[in-house]
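Open your viewer and get ready to select residues. We will go from stop to stop, and each stop tells you what to look for.

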Amino acid sequence: MAIVCAISAAALYGISAPASKLLLREIPPALMAALLYLGAGIGMTAVNSMNRWNKAVKDEAKMTKKEMPYVSGMIILDIAAPIFFMMGLTMTNSANVALLNNFEVAATSVIALILFKESIGRQMWYAIGLITIASIILSFKDFSAFSFSSGSIFILIACICWGLENNCTRKLSMKDPVQIVIVKGFGSGIGSLIISLAIKEFSSNIAYILLALLLGFVAYGISIYLYISAQRELGAARTSAYYAASPFIGVLISWVVLREGISGSFLVALAIMLAGTAFSIAEDHRHMHTHMEETHEHRHSHDDSHHNHPHDPDAAGEHNHEHTHEAIGHRHEHLPDTHHRHVH
């Protein structure tokens, strides 16, 4: 079931670039960004309400005031990133955009290393290098004159914003995923809507507006929720292996549906990007490390090597409560996430 969730998350996000390209014919960039996130917020609120009605709500840890700096950062960056993304999408083809999306992996990893002091394995460094090279190739409009594609530059700026946002969201990943998506959706959506109104970007095409909201619910809301759900069972590395397919799904849709042409530089960048993605998927980062003592609250089970605290009475299966991780040293596969704040 978790594998189905991961593949579904990749497929749903993969449709966002080509579908947005079509909708941008009638909806300006800032308004489009607002509608996508509002669609995610509205849709996941409806899902949450139905779950409560059916009494199917899981016991999840809620966000608190302690997480507000990361919540604020997540919202602000989620306002900026999609606006840059939509601006870039109006200036270049959606196949380029879908492929450039992989630069987010490199940006996220480097930011995690520099700002959050998280470790990166050798294969991930290879992936970052290859993805960056491919992104540079895609960013050039004319190699002979060394002229940059404005659209690609905006996409890369969006990826850097999302890289920062991913690191903020990582600090919230142990909290209720539905609540995270709802806060993301309404916070970023309303912020982008205010900007679109301030710069007088409007649309009176009701059909396109409704389609943009639906796309936001599907490609952003459901995709993020499925990704978080899969990650909890499969772990970060295996989930990333399935989710890495999303840019290539977007490229395929762009070719088939939008009939976009293929340049020689695009094919070169595609080959390099595939190699970089393969390295990121194959990352097997193992070393002896020590997890420092930490007290926090999140949904967890006791079938891993991290949650060995006592219960009275004994707890079975997944449950949620505040607990303390004792300092422990061991070796296991991991990618940077909220559990891996350790010393070497």
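Start with Lys 200, which is exposed, at 66% relative accessible area. Keep in mind that this is a predicted model. Lys 200 sits in the loop that links α9 (177–198) to α10 (206–234). Check its backbone: phi is positive, about 60 degrees, although Lys 200 is not a glycine.

Now go inside. In soluble globular proteins, nonpolar side chains tend to be buried together. Here the largest nonpolar core has 65 residues. Select Met 32, Phe 85, Met 86, Leu 99, Trp 162 and Tyr 220, the members that touch the most others. Then colour helix α4, residues 68–89. Helix α4 supplies the largest share of this core, with 10 residues.

Zoom in on Tyr 220. Which residues is Tyr 220 in contact with, leaving aside neighbours within four places in sequence? Show Tyr 13, Ser 16, Leu 36 and Tyr 37. Another core, of 5 residues, lies apart from the largest one. Its members include Ala 6, Ala 9, Leu 226 and Ala 230.

Select Leu 22, Leu 252, Val 256 and Val 257. Together they make a nonpolar surface patch of about 340 Å². Which helix gives the most to the nonpolar patch? Helix α12, residues 246–257, does, with 3 residues. Finish on Val 257, which is found in helix α12. Is Val 257 buried or exposed? Val 257 counts as exposed because its relative accessible area is 53%, and the cut-off for exposed is over 50%.

Key. Residues are numbered from 1 along each chain as its sequence is written. This is a predicted model: local features need pLDDT of at least 70, side-chain atom pairs count only at pLDDT 80 or more; totals for chains, interfaces and linings use all residues. Side-chain values use heavy atoms; hydrogens and water are left out. A nonpolar core is a set of buried Ala, Val, Leu, Ile, Met, Phe, Trp, Tyr and Cys residues joined through side-chain atoms within 4.5 Å. Buried means under 20% relative accessible area, exposed over 50%, partly exposed in between (1.4 Å probe, protein chains only). Helices (H or I, at least four residues) and strands (E, at least two) are DSSP runs, numbered from the N terminus. Contact means heavy atoms within 4.5 Å. Patches are made of residues with over 30% relative accessible area and no salt bridge: like charges are joined within 9 Å, nonpolar side chains (Val, Leu, Ile, Met, Phe, Trp, Tyr) within 5 Å. Accessible areas come from the Shrake-Rupley method with a 1.4 Å probe; for residues, only the protein chains shown count as cover. A salt bridge is a side-chain nitrogen of Lys or Arg within 4 Å of a carboxyl oxygen of Asp or Glu.
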